[in-house]
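Hi,

Here is the structure I promised to pass on. Have a look at it first, and then read on for what turned up when I went through it.

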Amino acid sequence: MEATRKKKIKEYIVPGIASFILSILLTVMGYLIGTYFGLFNKALVIDAMNKSTYYESVNKYCYTEALDYLYPSNLDESVLENVFTIKNTYNQGKNYLLAVLNGDSYNINTDYVRDTLTSNIEAYIQSNNIPEENIDREGINNLIYHICLIYSKNLSVSFLYYYNSLKAIFRQLIVYGLPALALLSIACLLVILRSNKWLHRSLRFVSYSLLAATIMTSILPLGLLISKKYQQLNVRPVYFSKMLARYLRASLNIYLVVSLILFIGALLIICVIYYKKKSLMKSM
């Protein structure tokens with residue numbers, strides 16, 4: 001009776017506990033890896049900006065704000081023609097984004113906006129034969145300064161500075177936490193593999209851990225993707241909110257990729273169990 005009880009503890013209870021712990025460890029590792037290659041993947045940020053009409057929206061937003069400064073000056077709306085171009089905004093936005101994501105400082109160049117606006121205003125003055133004494137040069141310079149400021153402000157992404165700080169902290173967690181979790185996982189595997197005489201019986205507990213980790217790493221991102229909660233962030237301006245939604249959707253998909261890898265691992269283990277068991281039965 002005592003021998004049976006000890007055998008049961010060794011073959012079922014001990015590997016069962018180790019399997020449960022392993023599933024938790026694999027889940028934590030899955031979320032760490034998914035976060036690093038998802039939320040903290042600068043390629044996803046760049047891709048989200050390029051594919052979410054971000055730069056076009058920046059131009060429209062700048063144009064609308066510039067009009068508010070333009071109307072009191074009695075200048076015509078035509079002076080804003082070609083001031084905000086997609087080519088210039090894309091180039092400046094890309095350079096700014098790459099610099100900030102790499103941890104470097106970057107001042108958005110507003111020379112094109114200033115020069116084009118200045119040229120348009122001078123052309124407007126000449127075409128309307130406005131006398132020099134009726135021109136408020138100080139007011140015009142102030143107008144150009146504020147429109148350049150609007151452009152620089154709207155093209156900047158303040159959250160990226162917090163993003164880099166958080167990524168640096170998270171990188172330390174990856175460097176020290178992931179190896180520790182991997183070592184603990186190996187320890188659990190050794191406990192499971194030594195619990196049974198037959199390999200296929202031990203591998204059952206490993207497959208349980210992988211399947212449990214698959215479910216736990218996929219249920220949260222799947223829930224967010226299906227409910228589209230990531231699209232309900234109340235962030236202003238709207239164009240930034242759209243970019244952020246695309247970026248979060250891509251990040252959530254990375255977690256699903258991790259879940260898929262765990263699931264494939266579970267399927268492979270199940271196949272090994274099947275063939276090991278089949279081979280054992282033939283040999284008896």
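The protein splits into two domains: domain 1 takes in 1-47 + 168-274, and domain 2 covers 55-159. Please keep in mind that this is a predicted model. The C-alpha centres of domain 1 and domain 2 are 49 Å apart. Where they touch, seven residues of domain 1 are in contact with 10 residues of domain 2. Together the two domains bury about 790 Å² between them, and 81% of that is on carbon and sulfur atoms. On the domain 1 side, Lys42, Ile46 and Tyr239 are the ones to look up: they supply 60% of the area that domain 1 buries against domain 2, more than any other three residues.

Now for the helix packing, starting with helix 3 and helix 6.

Helix 3 (residues 54-70) and helix 6 (residues 137-155) have axes that come within 9 Å and cross at roughly 150°. An angle over 145 degrees counts as roughly antiparallel, so helix 3 is roughly antiparallel to helix 6. Their crossing is right-handed. From helix 3, the contact is made by Tyr54, Tyr55, Val58, Asn59, Tyr61, Cys62, Glu65, Ala66, Tyr69 and Leu70, and from helix 6 by Leu143, His146, Ile147, Ile150, Tyr151, Asn154 and Leu155. Sorted by class, this contact of helix 3 with helix 6 has 13 nonpolar, three polar and one charged residues.

Helix 6 also packs on helix 5 (residues 111-127): here the axes come within 10 Å and cross at roughly 145°. This crossing of helix 5 and helix 6 is right-handed as well. Helix 5 brings Val113, Arg114, Leu117, Thr118, Ile121, Glu122 and Ile125, which meet Arg137, Ile140, Leu143, Ile144, Ile147, Cys148 and Tyr151 of helix 6. The class count for the contact of helix 5 with helix 6 is 10 nonpolar, one polar and three charged residues. If you compare the lists, Leu143, Ile147 and Tyr151 of helix 6 turn up in the contact with helix 3 and in the one with helix 5.

The next pair is helix 4 (residues 86-101) and helix 7 (residues 159-193), which pack at an angle of about 25° with their axes 9 Å apart. Angles under 35 degrees count as roughly parallel, so helix 4 and helix 7 are roughly parallel to each other. Helix 4 and helix 7 also make a right-handed crossing. In this contact, Tyr96, Leu97, Val100 and Leu101 of helix 4 meet Leu160, Tyr161, Tyr163 and Asn164 of helix 7. The residues in the contact of helix 4 with helix 7 divide into seven nonpolar, one polar and no charged.

Finally, a couple of backbone details in the loops. Most residues other than glycine have a negative phi. Asn82 has a positive one, near 60°, and its place is in the loop between helix 3 and helix 4. Lys228 likewise has a positive phi near 60°. You will find Lys228 in the loop between helix 8 (199-227) and helix 9 (238-283).

Cheers

Notes:
Residues numbered from 1 in each chain as written. Predicted model: local features only at pLDDT ≥ 70, side-chain atom pairs only at ≥ 80, totals over all residues. Heavy atoms only, no water. Axes fitted to C-alpha atoms, helices over the stretch in contact; angles between N-to-C directions. Helix = DSSP H or I, 4+ residues; strand = E, 2+ residues; numbered from the N terminus. Parallel < 35°, antiparallel > 145°, perpendicular 65-115°, else oblique. Left-handed = near helix turned anticlockwise from the far one by under 90°. Contact = heavy atoms within 4.5 Å. Nonpolar A, V, L, I, M, F, W, Y, C, P; charged D, E, K, R; others polar. Domains from an automatic or database assignment. Buried area = accessible area lost by both parts, 1.4 Å probe.
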